[in-house]
Amino acid sequence: MSDQDPTDRYPGPESQDKEQLEHPGLSREMDHQPDYGEKSYQGSGKLTDKRALITGGDSGIGRAVALAFAREGADVLISYLDSEEADAQETCRLVEEAGRKAVPVAGDITDEEHCRQLIDRAVSDLGGLDILVNNAAYQMSQSGIADITTEQFDRVLKTNLYAMFWLSKAAIPHLAPGSAIINTTSIQAYEPSPQLLDYATTKAGILNFTKGLAQELASKGIRVNAVAPGPIWTPLIPATMPPDKVDQFGADTPLGRAGQPAELAAAYVFLASSDSSYITGERIGITGGKPLP
């Protein structure tokens with residue numbers, strides 16, 4: 001593997017987990033661990049003394065972002081489900097190893113009151129809030145719309161859309177000029193897969209929410225942007241997709257492989273920092289070469 005050639009910087013689909021994990025999936029249970037940037041990400045003070053809240057911060061993209069933010073000088077509150085406690089503690093260890101404060105808060109963001117409490121905890125435990133990363137998501141692959149239950153549809157929408165709405169609404173009164181909201185959308189917003197119909201619907205909603213809220217908050221000096229990942233190797237994949245899909249996950253990209261969480265972290269740092277001070281209402285696609293409109 002080469003650090004320079006993006007096609008073989010990381011292993012291809014043949015090296016991915018073959019066994020299904022139980023949802024929500026724990027990083028520690030994966031045979032082939034995602035790269036979170038532990039050995040590669042080098043900070044340069046872009047977020048010195050910033051205060052960030054990251055949902056889904058226990059593993060996957062959220063852990064990579066938490067690690068990068070900490071190495072850039074930010075204190076971090078991570079939100080996660082109770083069942084993800086072990087992974088969350090590892091993320092906190094990485095943040096603290098970088099010399100920054102880590103605040104773990106377990107709970108379910110499908111509950112509006114819990115979302116309000118997350119913002120309150122960030123303000124009280126971190127001393128304020130400068131960056132909100134709405135990253136947590138729920139998906140469960142089904143063969144088609146007939147197999148998507150109302151219960152699943154509710155959970156997908158409440159995790160992916162309602163929580164983003166509740167958290168953003170509660171956070172805005174605490175955000176000063178120069179603050180940032182970063183939402184995780186997906187290539188699914190542009191290329192919806194039938195087996196992820198409900199998930200894809202929410203990811204399109206996140207994109208429009210980002211564009212609309214950015215226009216409202218621009219005059220306040222608060223920027224709102226999104227990152228649109230393609231296939232990224234996280235615990236969510238073997239925990240929510242059938243084995244045949246996992247086996248070929250990422251193979252259909254021009255780069256021929258799934259991305260790693262570490263390959264997304266710098267985009268979140270960029271959107272959170274003053275380097276992107278003239279960017280709001282936009283999205284950065286990180287798709288392995290799959291074109292976005």
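This is a predicted model: local features need pLDDT of at least 70, side-chain atom pairs count only at pLDDT 80 or more; totals for chains, interfaces and linings use all residues.
First, some ground rules. Local features need pLDDT of at least 70 and side-chain atom pairs count only at pLDDT 80 or more, while totals for chains, interfaces and linings use all residues. Residues are numbered from 1 along each chain as its sequence is written, and side-chain values use heavy atoms, with hydrogens and water left out. The labels come from DSSP runs numbered from the N terminus: helices are H or I runs of at least four residues, and strands are E runs of at least two.

**The sheet**

Let's start with the strands. Seven of them form an open sheet with parallel pairing, in the order E3-E2-E1-E4-E5-E6-E7. (Two strands pair if DSSP finds at least two bridges between them.) At the edges sit E3 (102–106) and E7 (283–286), each pairing on one side only. On average, neighbouring strands of this sheet are turned by 15° against each other, ignoring direction.

Now look at E2 (residues 75–80), which pairs with E3 in the parallel sense over five bridges. Val76 stands opposite Ala102 in E3.

Contact means heavy atoms within 4.5 Å. H8 (residues 262–272) lies across E4, E5 (180–184), E6 and E7, and runs at about 170° to E6. Such angles run from 0 to 180 degrees between N-to-C directions, with axes fitted as lines to C-alpha atoms, for helices over the stretch in contact.

**Helix against helix**

| Pair | Angle | Axes |
|---|---|---|
| H1 (residues 60–71) and H2 (residues 85–97) | about 20° | 9 Å apart |
| H1 and H8 | about 55° | 8 Å apart |
| H4 (residues 150–171) and H5 (residues 197–217) | roughly 15° | within 9 Å |

Under 35 degrees counts as roughly parallel, over 145 as roughly antiparallel, 65 to 115 as roughly perpendicular, and the rest as oblique. So H1 is roughly parallel to H2, H1 is oblique to H8, and H4 is roughly parallel to H5.

What handedness does the crossing of H1 and H8 have? The crossing of H1 and H8 is right-handed; H1 also passes H2 in a right-handed crossing, and so does H4 with H5. (A crossing is right-handed if the near helix is turned clockwise from the far one by less than a right angle, left-handed if anticlockwise.)

Who touches whom? From H1, Arg63, Ala66, Leu67 and Ala70 meet H2 residues including Asp87 and Leu94. That contact has five nonpolar, one polar and three charged residues. (Ala, Val, Leu, Ile, Met, Phe, Trp, Tyr, Cys and Pro count as nonpolar, Asp, Glu, Lys and Arg as charged, and the others, Gly among them, as polar.)

Toward H8, H1 uses Ile61, Ala64, Val65, Ala68 and Phe69, meeting residues that include Tyr268 and Val269. The contact of H1 with H8 divides into 11 nonpolar, no polar and no charged residues.
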